[in-house]
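Biologist: Before I rely on any of the labels used for this protein, I would like to hear what stands behind each of them.

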Amino acid sequence: MLLRSALQRLNLAATHLPTTCLRTFASKHREIPALTRDRYPVQRGAFAELTDDDVAVFRSILGGNDTARVLTAADEVQDYNIDYLRSVRGFGRVVVKPRTTAEVADLMRYCNERRLAVCPQGGNTGLVGGSVPVFDEVVFSLQLMDTIERIDEYAGIVVCQAGCVLANLEEQVGAKGLVMPLDLGAKGSCHIGGNVSTNAGGLRLVRYGNLHGSVLGVEAVTADGRVLDLMSNFKKDNTGYHLKHLFIGSEGTLGIITRLSMFCPTASRSVNVAFLGLRSYDHVKQTFLAAKRGLGEVLSSCEMIDAPSLDSCTRFFGLQSPIEKYPFYMLIETSGSDAGHDEEKLTRFLEQTMEQGLVQDGTVTNEPTKVKNIWKLRELIADSLLADGYCFKYDISLPLDQFYDIVLAVRERVGDMAINVTGYGHIGDSNLHLNVSCARFTPEIYASLEPFVYEYTSKLRGSVSAEHGIGFLKRKYLHYSKQSEPLRLMRQMKQLLDPNGILNPYKVLPPEHPTDSATAH
């Protein structure tokens with residue numbers, strides 16, 4: 001039985017959805033947040049304050065007095081000071097835009113000598129306040145470092161600068177018959193350097209693994225301006241300590257990634273997507289197990305969406321679900337090289353799960369336009385939840401037996417303080433995105449959520465950050481996932497590579513001052 005006749009319920013070709021997800025549009029017209037120093041108790045480090053002489057040096061490094069690569073006007077620098085969620089806001093006075101690793105090195109060398117704190121920034125799509133200043137740090141924007149240097153279709157390797165937008169890389173490697181191992185809802189805005197710096201997970205992790213495996217090498221600039229050439233063109237390069245891993249996931253606190261090489265698998269010739277309706281989370285869990293066993297090597301993504309998440313997405317963007325309403329939905333993707341083989345496996349899986357009463361309804365397609373349209377129903381959820389005003393977003397890893405319980409617990413805990421409490425995410429790798437939307441940020445709802453969410457996660461031996469990183473917003477909760485000895489070693493590594501502490505201060509590592517751990521106000 002062909003998939004198109006087995007389960008297809010609705011023709012999505014006429015559904016109009018944004019073709020590229022730009023993770024700035026949803027927040028452009030929302031209110032400007034309070035300064036981070038006013039909303040959260042945090043003390044400025046003993047760094048130098050920026051002077052006009054410093055700005056003059058920046059200009060000389062980046063092309064002279066008339067350069068457009070040093071921004072100082074208040075209206076120009078404001079967007080670089082505010083995060084995507086509009087939960088934090090710094091007051092950095094200058095943004096520098098290098099084009100080369102050498103320029104990054106010269107700028108870092110000067111800032112280190114002057115003890116000027118620095119905030120590296122890519123596409124500024126992060127969700128934990130890691131890519132914007134906390135106080136008056138100098139913003140290093142890598143927007144202009146967007147050169148794709150080489151795509152080797154034989155070895156399956158792309159070499160590029162850190163400022164390349166993920167969607168552009170996806171398009172270029174796709175033209176060579178390859179696929180990026182990373183796919184995110186924010187791919188139209190996020191930079192590959194930021195993805196690597198945060199060890200972003202995304203929608204394809206169940207198939208391709210995380211970036212520690214996909215990134216073959218990096219070039220990074222340390223706090224004192226040294227350039228570390230850790231580039232490699234090979235999957236096998238067993239030559240001493242793998243220093244590249246220090247910079248993957250360290251969020252710009254140990255060095256600034258300027259170039260990288262990444263392994264890109266061969267693109268699948270056969271891609272199928274199924275969108276399914278289920279009556280309970282227990283059925284979701286059983287269907288995932290059936291997918292692993294029945295689809296095996298062709299399973300490339302497995303996502304869970306609860307009804308409030310899908311309702312928010314369809315309502316905000318004026319869309320329609322391809323199937324009737326159910327408490328839970330799953331989006332399952334298969335990727336392979338033999339269309340007949342893959343369709344046969346997927347059809348058998350769907351028939352069995354429907355016969356068992358796990359899957360109640362669904363639609364399935366292998367037509368590229370319809371595949372993209374179904375994926376948008378998942379990718380646009382994050383933006384839709386911001387429409388209520390403010391959204392607390394939690395990115396956690398939890399055991400699948402208790403995966404959805406925290407959504408119910410939080411929903412009961414916050415009550416009428418929240419407009420919506422939803423859960424969706426990558427059930428294929430145990431990563432839940434818990435969202436609590438409300439009209440505005442208030443100390444009351446913040447205190448109700450934190451540290452409750454992290455305590456709950458810790459009791460289940462979960463992770464307080466599955467793929468978004470720690471940044472500023474989670475640093476005081478890192479101890480819920482890391483014990484004292486690993487944290488002590490992290491501090492020693494930071495001291496070794498950045499003794500003056502100028503690289504992305506106030507991020508990742510827990511605060512050393514007790515007052516910095518107090519409740520937000």
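What follows is a short exchange on those labels.

Modeller: This is a predicted model, in which local features need pLDDT of at least 70 and side-chain atom pairs count only at pLDDT 80 or more, while totals for chains, interfaces and linings use all residues. Residues are numbered from 1 along each chain as its sequence is written, and side-chain values use heavy atoms, with hydrogens and water left out.

Biologist: Why is Arg59 called buried?

Modeller: Arg59 has a relative accessible area of 17%, and buried means under 20% (exposed is over 50%, partly exposed in between, with a 1.4 Å probe and protein chains only), so Arg59 is buried.

Biologist: What does Arg59 touch?

Modeller: Not counting residues up to four places away in sequence, Arg59 touches Gly64, Asn65, Thr67, Val70 and Thr72, where contact means heavy atoms within 4.5 Å.

Biologist: Which residues touch the most other members of the largest nonpolar core?

Modeller: Of its 116 residues, they are Phe58, Met108, Ile192, Phe392 and Val410; such a core is a set of buried Ala, Val, Leu, Ile, Met, Phe, Trp, Tyr and Cys residues joined through side-chain atoms within 4.5 Å. A second, separate core of 27 residues includes Val273, Cys313, Tyr326 and Leu386.

Biologist: Where does pLDDT stay under 50?

Modeller: It does so over residues 1–27, pLDDT being the predictor's confidence in each residue, from 0 to 100. Where pLDDT is low, the predicted coordinates should not be read in detail. The chain's mean pLDDT is 92, and 93% of its residues reach 70 or more.
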